[in-house]
Amino acid sequence: MEIHPAPAQVADFHQVLADHPRYWGDRDLRSLHLLAMVQEFGPTCLVARAEDGIRGYVFGFVTPDGTGYVHLIATRDDYRGTGLGRRLYAAFAEAAAGQGARRLKAITAITNTRSIEFHRGLGFDAEFVDDYDGPGRTMTVFRRDLPL
Ligand SMILES: CC(C)(COP(=O)(O)OP(=O)(O)OC[C@H]1O[C@@H](n2cnc3c(N)ncnc32)[C@H](O)[C@@H]1OP(=O)(O)O)[C@@H](O)C(=O)NCCC(=O)NCCS
């Protein structure tokens, strides 16, 4: 049965942190997970909650200039390639558009080829931006217009 992403609860936040390696592998991105986002940007922090736990999540917000910014998106290791990431983006895009967003943006490491392919598959442009993350730290910046 298809799972419809729903706003994250505080318990969901702690669950995805506890299972962090299942979403992010060896990379430790726990410090980028902020409970304040779930508390303050509830409608754009979504989880795919099922009987076997949280299969994926997207945490983001809408900026004052109408950009739906995706801060984190991940699907659990056993649900990759099933279309869940696409569904999470669609749900985020719908929620962001409902708040006036006209475009989407996300950032990832230049080494994250899976994320780059995923975002390109969703129609994003990918640009390497020098010094985005500080001197000498190039990041990949994804952009696309809404609707998705
Ligand atoms: C990136 C990630 C969220 C993709 O989620 P997913 O559920 O596997 O993606 P989907 O199955 O919805 O794929 C959507 C599209 O992206 C493309 N895609 C996804 N993963 C891909 C890969 N590894 N290589 C090439 N294309 C890929 C596919 O073309 C797919 O298109 P289709 O629907 O026409 O088949 C997932 O791999 C993940 O959680 N990675 C670890 C966390 C991470 O790096 N997040 C991104 C940080 S910005």
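Q: What makes β2 and strand β3 (residues 53-62) count as paired strands?
A: In this predicted model, six bridges join β2 to β3, and the two run antiparallel. Pairing requires at least two bridges, so six are enough for β2 and β3 to count as paired.

Q: What joins β2 to β3?
A: A hairpin makes the link, and it passes through two residues.

Q: What makes strand β1 (residues 6-7) and β2 a pair?
A: Two bridges run between β1 and β2, in the antiparallel sense. The requirement is at least two bridges, so β1 and β2 meet it. Ala 6 stands opposite Val 47 in β2, and Pro 7 stands opposite Leu 46 in β2.

Q: Why is strand β2 (residues 45-50) said to be largely enclosed by the rest of the structure?
A: A residue is buried if 20 or more other C-beta atoms lie within 10 Å of its own. Five of the six residues of β2 are buried, and therefore the strand is described as largely enclosed.

Q: In which order do the strands of the open sheet stand?
A: Seven strands form the sheet in the order β1-β2-β3-β4-β5-β7-β6, with mixed pairing.

Q: Why are β1 and β6 (125-129) said to stand at the edges?
A: Each of them has a single partner strand, so one side of β1 and one side of β6 are left without a neighbour in the sheet.

Q: Which strands does α1 touch where it packs on the sheet?
A: α1 touches β2 and β3, and its direction makes about 115° with that of β3. Another helix, α4, lies across β2, β3, β4 and β5 and runs at about 35° to β3.

Q: Which residues have the most contacts inside the largest nonpolar core?
A: They are Ala 8, Leu 46, Tyr 57, Val 58, Leu 88, Phe 92 and Ala 96, in a core of 31 residues. The elements that give two or more residues to this core are α1 (10-18), β2, β3, β4, α4 and β5. The largest share, seven residues, comes from α4.

Q: With which residues is Ala 96 in contact, leaving aside its neighbours within four places in sequence?
A: Ala 96 is in contact with Thr 44, Val 62, Gly 68, Ala 101 and Leu 104. Contact here requires C-beta atoms within 7 Å of each other.

Q: Which residues come nearest to the ligand?
A: Of the 20 residues around the ligand, Thr 75, Gly 85, Arg 86, Glu 117 and Gly 121 come nearest. Elements that give two or more residues to this shell are α2 (20-24), β4 (67-75), α4 (84-98), β5 (103-109) and α5 (113-121). The most come from α5, which gives five residues.

Q: Why does Asp 131 count as exposed?
A: Asp 131 has 10 C-beta neighbours inside 10 Å. A residue is exposed if it has 12 or fewer, so Asp 131 falls in that class. Asp 131 lies in the loop between β6 and β7.

Q: What is the phi of Asp 131?
A: Phi of Asp 131 is near 60°, a positive value in a residue other than glycine.

Q: Which kind of peptide bond joins Leu 146 and Pro 147?
A: The bond is cis, with omega about 5°. Pro 147 is placed in the segment after β7 (139-145).

Methods
Residues numbered from 1 in each chain as written. Predicted model: local features only at pLDDT ≥ 70, side-chain atom pairs only at ≥ 80, totals over all residues. Near = placed C-beta within 6 Å. Helix = DSSP H or I, 4+ residues; strand = E, 2+ residues; numbered from the N terminus. Core = buried A, V, L, I, M, F, W, Y, C linked by C-beta atoms within 7 Å. Contact = placed C-beta atoms within 7 Å. Axes fitted to C-alpha atoms, helices over the stretch in contact; angles between N-to-C directions.
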